[in-house]
Amino acid sequence: MQMRNRMRVATFTVAVFVAAMTTAAAPAATQSHFSDFGPLAVTNGTQVDLSQFDPAKGALTKITITLDASTSGGTIAWDNEAGIASTIQLGIGAEVTAAGPSAFSVVAKPLQLDNGNVDADNDGAADFIGTDSFSVVGGVGNDSMSIERFNPGDFAPYIGLGQVTIDITSQVETFVSTGGGFGPIDPVAGNYSGRVTIEYEFTSVPGPATIALLAIGAVSTRCRRRSPA
Ligand SMILES: [Ca+2]
Ligand SMILES: [Ca+2]
């Protein structure tokens with residue numbers, strides 16, 4: 001009879017221990033928020049507000065900010081001034097920066113890109129017309145970049161029940177790559193838009209059920225120790 005009781009207590013203790021360990025070893029939880037911006041003329045800026053991390057949910061361990069940006073409506077032309085024919089890859093778009101508190105900054109560079117072949121300079125002028133020139137008109141560019149931060153010393157502005165403000169700025173970005181030719185570009189800025197996503201990774205605070213299980217486990221262990229050998 002006594003043996004059967006001891007077995008029962010031991011089995012129960014193991015079950016509580018396993019339940020408690022399963023809870024303790026649970027993977028970190030995540031929570032994310034996003035906000036869209038634009039379309040805006042490139043060189044204009046804006047702001048987006050995102051929810052802070054609610055400290056009641058647990059301890060913040062990592063912040064990831066992702067910037068998805070797209071561009072359209074820009075044009076760029078290039079005119080060959082070299083005496084040889086050339087390949088050309090040309091792009092127009094934006095360098096978009098999303099900057100939050102604690103110097104969390106992420107940059108994306110969406111570009112409308114196109115490529116082709118041009119003749120050698122045949123007009124002695126950088127006039128952006130003729131068979132020695134090339135243009136990008138239309139199309140859409142996309143880019144996405146993320147940053148991750150792990151230093152708890154940087155987290156304070158992101159914790160609370162309010163909002164965290166992310167500043168969005170932009171400037172004109174161009175791209176030129178030739179196969180031997182050279183010449184000037186004539187860029188005209190377009191528009192850009194995008195989305196900022198913030199992800200909070202955290203370890204959960206143990207709930208009342210977990211604490212109760214741990215307490216029962218402790219009591220069971222003590223009962224077993226007191227049992228006669
Ligand atoms: Ca020319
Ligand atoms: Ca020309």
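Me: Start with the cut-off. A residue is buried if 20 or more other C-beta atoms lie within 10 Å of its own. In this predicted model, which side chains of strand 6 point to a buried face?

Reply: Phe-104, Val-106 and Ala-108 point to one face and are buried.

Me: How many residues of the protein count as buried?

Reply: 28% of its 229 residues do.

Me: Why is Asp-54 called partly exposed?

Reply: Asp-54 has 14 other C-beta atoms within 10 Å. Buried needs 20 or more, and exposed needs 12 or fewer. The count of 14 falls in between, so Asp-54 is partly exposed. Asp-54 sits in the loop between strand 2 (46-51) and strand 3 (58-72).

Me: What is the distance in space between Asp-54 and Tyr-158?

Reply: 9.0 Å, C-alpha to C-alpha. In sequence, Asp-54 and Tyr-158 are 104 residues apart.

Me: What makes the phi of Thr-43 worth a look?

Reply: The phi is positive, about 95°, although Thr-43 is not a glycine. Most residues other than glycine have a negative phi, and most peptide bonds are trans.

Me: Where does Ser-102 sit, and what is its phi?

Reply: Ser-102 is in the turn of the hairpin that strand 5 and strand 6 form, with 3 residues between the two strands. Phi of Ser-102 is positive, about 60°. Ser-102 is not a glycine either.

Me: Why is Ser-102 neither buried nor exposed?

Reply: Ser-102 has 16 C-beta neighbours inside 10 Å. The limits are 20 or more for buried and 12 or fewer for exposed, so 16 makes Ser-102 partly exposed.

Me: Why do strand 5 and strand 6 count as paired?

Reply: Pairing takes at least two bridges. Strand 5 and strand 6 are joined by 5 bridges, so they pair. The two strands run antiparallel. Ala-99 stands opposite Ser-105 in strand 6.

Me: What makes the peptide bond between Gly-38 and Pro-39 cis or trans?

Reply: Its omega is about 0°, and the bond is cis. Pro-39 is in strand 1.

Me: Why do strand 3 and strand 12 qualify as a pair?

Reply: At least two bridges are required. Strand 3 and strand 12 have 14 bridges, antiparallel, so they qualify. Leu-60 stands opposite Phe-202 in strand 12.

Me: What order do the strands take in the open sheet of 3 strands?

Reply: The order is 8-4-11, with antiparallel pairing. Strand 8 (133-137) and strand 11 (185-188) are the edges. Neighbouring strands of this sheet are turned by 5° on average, direction ignored. Strand 4 (residues 75-79) pairs with strand 8 over 5 bridges. Thr-75 stands opposite Val-137 in strand 8.

Me: Which residues have the most contacts inside the largest nonpolar core?

Reply: Ile-65, Leu-67, Val-96, Ala-98 and Val-196, in a core of 25 residues. Strand 3 gives the largest share, 5 residues. Another core, of 10 residues, lies apart from it and includes Ile-76, Ile-92, Leu-111 and Val-136.

Me: Which residues does Val-96 contact beyond four places in sequence?

Reply: Among them are Leu-67, Ala-69, Val-107, Ile-168 and Tyr-192.

Me: What is the average pLDDT of the protein, and where is the pLDDT below 50?

Reply: The average is 87, and 78% of the residues score at least 70. Residues 12-22 are below 50. Where pLDDT is low, the predicted coordinates should not be read in detail.

Technical notes:
Residues are numbered from 1 along each chain as its sequence is written. Chains are lettered from A and ligands numbered from 1 in the order in which they are written. This is a predicted model: local features need pLDDT of at least 70, side-chain atom pairs count only at pLDDT 80 or more; totals for chains, interfaces and linings use all residues. pLDDT is the predictor's confidence in each residue, from 0 to 100. Two residues are in contact if their C-beta atoms, placed from the backbone, lie within 7 Å. Helices (H or I, at least four residues) and strands (E, at least two) are DSSP runs, numbered from the N terminus. A nonpolar core is a set of buried Ala, Val, Leu, Ile, Met, Phe, Trp, Tyr and Cys residues joined through C-beta atoms within 7 Å. Axes are lines fitted to C-alpha atoms, for helices over the stretch in contact, and angles run from 0 to 180 degrees between N-to-C directions.
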